Structures are given as C-alpha cells and as structure tokens.
Amino acid sequence: MDVVALWGLFAGLVLGTLFVDLLVFNKKPHVMHLPEASVWCGIWVSLAAAFGVAVFFLEGSAKGLEFITGYVIEWSLSVDNLFVFIVIFRYFAVPPAFLHRVLFYGIMGAVVLRGVFIAAGVGLLTYFHWTIYLFGAFLVYTGAKLLRAGEVQVEPQKNPVLRFFTRFIPIETGYDKQNFFVRRNGRLVGTALVPVLIVIETTDVMFAVDSVPAILAITRDPFIVYTSNIFAILGLRALYFLLAGVMGMFRYLKVGLCFVLTFVGVKMLISDFYKIPITVSLGVVAGILAASIVASLVFPPADNPAEELHTDGSAAPKGGPADPGAKEKDIEHRAA
C-alpha cells in the first residue's frame, strides 16, 4: 500500500508541476533567463528531496538511501548530457526562445524511453542473472571510453532515425514560431525544429544505455530506479539555462563521471561476492563528484574556449553572433 501511495505522490508531483510549467509559466515562447532558471531548478530539486523524505518514511532508510544515491548518479550524468545538448543547439542555431519547448518535448520522450529501458534492464537481471556481469563490464568500459573521448561531434546526416523520418515527411529549412509541423498548400511538413527534436531524442537513447545500468548497480527496485531517473531528467531543462553560460568551468566533471561509472561497474561485477553498502556507495559517488567540481574551480582552464554560450542559452562563436541564415542552409544540406 505504501508503494501505491508513493506512485500516486510521484505522479501527482510530476504531472502537477509539468502542467504549471507548460501551461502557465511557459505558455508563450520566451527566453528563460538566470533568475527563472534558478527558481525552476530549486523547484525540481526540492520536489526530489521531498519525495526522498516520503520514501524514507514509507519504505524505510535503505530505500530512501537508494533513491538519493540513484538521484545523485542520474543527476550527475544528466549534467554531462548538457554538454551534448549545447553542441546540438549550436549546430542547428535554435532561437533561444524555442529552446525550452524542444527540451520539454525531448524530455517527455525520454520519460517514456527510460521506462522501456528500465523495464528491459530489470527483466534481464531478474531472468538472466549473468547479464549483471555484462552490465558491469560495459560500465567499466564506458568509463574508460568517456575519459578518452574528445570533442562531441553532431552529424545529423548519419542519424538513421532522422534519415528514415525525412523519407516520409519533408523538412523545411526555417523555423515557424515554435511549431514542429505546419501545413504548406495542404501538405504536412516539418519545420527545422523537427530534426533538432529527433537528434535530442536519439541522443537520449544513447545516454540511457549508460545511465540505466548505472542505477541498476545501486538498486533493482523498478520504482526507485524509475522515479530517481525521472526526477533527475525533469530538472534538466532549467539546469540547462542555469549552467549554459558556465559549463566550460567544469572541465574535470567528465573525469569524475568516468570514475563514477567505473565504480558502479565494479560494484556490479563483485555483487555476487561482496555487496558494497549503500551508504558507502553514496559517499563514494558524492565524494568523486565533489572532488571533480572543486578541482574544476581550483584549476580553471588557462584559456577560454573558442566558443561560448550567452546567458540566454544561445551559442555563438567568440567575437560575434551566430549566422542563422548560414545555419539554415547547412540544415537544408545535412537534414534533408
């Protein structure tokens, strides 16, 4: 009965907040500036904290710690995802006023996709226990690979989902307000926002391949896995606008995430022989992330990046604004 009550609380908090967010505060397209982004970040973090307290009281301290640890891991991985989103938005020259809408629907799609991935992951571990070693080895491999990864490249022309979609629905090169689809001479066509949304969604699928096994290393309770995951990614939109201008400062965050993924991978690999206590897991994850943030602040990059983000969330080469016209021509060539 307690789990049913928590599911109801979770659904009420999420749906109620999304309703207010989309239909009240963001009914009209606008640029989310720092004060508004700060408020919404505070709202989502507060909701997650309140829900964590409810889990503590209704399900016990063990489940409560699992939720907190899962939330911290998923939140930190979501922050890393922002680097990729910045590159995607810069590539497509998305107008700042439309960023919130793209992120909103992108994250709504992620809510559904994460549920599918989590159900599949839990099912595999339940019926094929040996897959825990595959998940663990994959996380260790991903951690090492992330450490060696260079600059993110966005190549929509190689995206199979986008290529398949454009076979049936033509894509315009320009933006039409914040619409994804419009009718031209009685024919349904997609605006330039459609490729952006498709690339965001398919990118999130790749993120889920890393994040879902990471949380499954902490707990296999589908309720804890899903709720901690969703609370983390729902706050991603506001976090984007809050951190967009200072993401370059956290240059050691990726290194910290490499160690986090490696740690949870090792935790999975040795789980049949030794179960690392959840309090130790939380301490290790929080300590690694804190150390990476402190190191980033103490040892900032010697030179500023060649490109930087404005405070409104838009991207432009250093020394001048982006050229929307040039970008639209590039979109036509790459996304058609």
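Residues are numbered from 1 along each chain as its sequence is written. In this predicted model local features need pLDDT of at least 70 and side-chain atom pairs count only at pLDDT 80 or more, while totals for chains, interfaces and linings use all residues; side-chain values use heavy atoms, with hydrogens and water left out.

Colleague: How many helices and strands are there in the protein chain?

Modeller: Helices (H or I, at least four residues) and strands (E, at least two) are taken as DSSP runs, numbered from the N terminus. On that basis the protein chain has 12 helices and 4 strands.

Colleague: What percentage of the 336 residues counts as buried?

Modeller: Buried means under 20% relative accessible area, exposed over 50% and partly exposed in between, with a 1.4 Å probe and protein chains only. For the 336 residues of the protein chain, the buried share is 48%.

Colleague: Among contacts between residues at least 6 apart in sequence, what percentage joins residues at least 24 apart?

Modeller: A contact means heavy atoms within 4.5 Å. Of the contacts in the protein chain between residues at least 6 apart, those joining residues at least 24 apart make up 78%.

Colleague: Which residues does D80 contact, leaving aside its neighbours within four places in sequence?

Modeller: D80 lies in helix α3 and counts as buried at 10% relative accessibility. Its C-alpha atom is separated by 6.9 Å from that of K254, 174 residues apart along the chain. Leaving aside neighbours within four places, the contacts of D80 are L146, K254 and L257.

Colleague: How many salt bridges does the count come to?

Modeller: Side chains of opposite charge can pair when their charged atoms come close. The rule here asks for a side-chain nitrogen of Lys or Arg within 4 Å of a carboxyl oxygen of Asp or Glu. The count by this rule is 4.

Colleague: What is the N to O distance between K63 and E66, whose side chains meet in a salt bridge?

Modeller: Both residues lie in helix α3 (residues 61–92), 3 residues apart, about one turn of the helix. K63 is partly exposed at 24% relative accessibility, whereas E66 is buried at 15%. The N to O distance of their salt bridge is 3.8 Å.

Colleague: How far apart in sequence are the parts that R184 and E172 tie together?

Modeller: R184 and E172 form a salt bridge, with the closest N and O atoms 2.7 Å apart. R184 lies in strand β1 (residues 181–184) and E172 in the loop between α6 (160–165) and β1, so the pair ties together parts separated in sequence by 12 residues.

Colleague: Are R184 and E172 buried or partly exposed?

Modeller: The relative accessible area of R184 is 34%, so R184 is partly exposed. For E172 the value is 23%, and E172 too is partly exposed.

Colleague: What is the N to O distance between D176 and R184?

Modeller: The side chains of D176 and R184 meet in a salt bridge. Its N to O distance is 2.8 Å.

Colleague: How many aromatic pairs does the count come to?

Modeller: Rings of Phe, Tyr and Trp (its six-membered ring) pair if their centres lie within 6.5 Å; planes under 30 degrees apart count as stacked, over 60 as edge-to-face and the rest as tilted. The count is 20.

Colleague: What is the angle between the planes of F89 and Y240?

Modeller: This edge-to-face pair is 5.5 Å centre to centre. The pair links F89 in helix α3 with Y240 in helix α9 (residues 236–243), 151 residues apart, and both residues are buried. The angle between the planes is 85°.

Colleague: Which helix supplies the largest share of the lining of the largest cavity?

Modeller: A cavity is a set of points, on a 1 Å grid over the protein atoms alone, where a 1.4 Å probe fits but cannot get out; lining residues have an atom within 4 Å of a point. The largest cavity is lined by residues including N81, F85 and D204. At least two lining residues each come from α3, α4 (99–127) and α7 (193–216). The largest share, 4 residues, comes from α4.

Methods:
1 Å grid on protein atoms, 1.4 Å probe; cavity = no way out; pocket = protein on both sides within 12 Å on 5 of 7 lines; lining within 4 Å.
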